[in-house]
Amino acid sequence: MAERDIRSKIRDGFRQRGWLVEVQHGSAFSGSGRPDILACAQGLFVGVEVKRPRAKGATPAQARRIQKIREAGGLAFVARDAHSAIRAVELRLRGELPYMSDGLELDLSFLDEVEAQAKAEAPPEDEPLIQSPEELVLE
């Protein structure tokens, strides 16, 4: 898939969720290393550098900009597909994606374990949260 197609899918996914999105078009005036997508999701500043699945990683300038965004409290990463990029922002908004301090590539491989743990801790869907009226009695 071409980088522009991935970028468009990320942009559309962010907009569908009501997040403010700006797609950057590189030029001599845009500054070196600026992420392809800048967004604000419920107050969270997001920078996404989009790369094709088998393309090289971020340039040194892009890596520095990603790190600066992270140091300022934002979420920034290299994304190679739209689903992972959208999911990463959603997880961060829910507090389930820790602060990313090292590594530029978006790595969501830990999610299977996180989701399995969340399912294990959640009550079964067919089981009521309150078992009996006696549980409502306050002492």
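1. Is W19 buried or exposed? W19 is buried, at a relative accessible area of 6%. Keep in mind that this is a predicted model.

2. Start with confidence. The protein chain has an average pLDDT of 83. A score of at least 70 is reached by 74% of the residues. Where pLDDT is low, the predicted coordinates should not be read in detail.

3. Next, the aromatic rings. The structure has one aromatic pair. Its partners are F14 and W19, and the geometry is edge-to-face. The centres lie 5.2 Å apart, with 65 degrees between the planes. F14 counts as buried because its relative accessible area is 0%, under the 20% cut-off. W19, at 6%, is buried too.

4. Now the largest nonpolar core. It holds 24 residues. Those that touch the most other members are I10, F14, I37, V46, V48, F77 and V89. At least two core residues come from each of α1 (3–16), β1 (20–23), β2 (37–41), β3 (44–50), β4 (75–79) and α3 (82–93). The biggest share is from α3, which gives six residues.

5. Look closely at V48. Set aside the neighbours within four places in sequence. V48 is then in contact with I10, F14, P35, D36, I37, F77 and A79.

Terms used:
Residues numbered from 1 in each chain as written. Predicted model: local features only at pLDDT ≥ 70, side-chain atom pairs only at ≥ 80, totals over all residues. Heavy atoms only, no water. Core = buried A, V, L, I, M, F, W, Y, C linked by side-chain atoms within 4.5 Å. Buried < 20%, exposed > 50% of the residue type's maximum accessible area, 1.4 Å probe, protein only. Helix = DSSP H or I, 4+ residues; strand = E, 2+ residues; numbered from the N terminus. Contact = heavy atoms within 4.5 Å. pLDDT = per-residue confidence, 0-100. Phe/Tyr/Trp six-rings, centres within 6.5 Å; stacked < 30°, edge-to-face > 60°.
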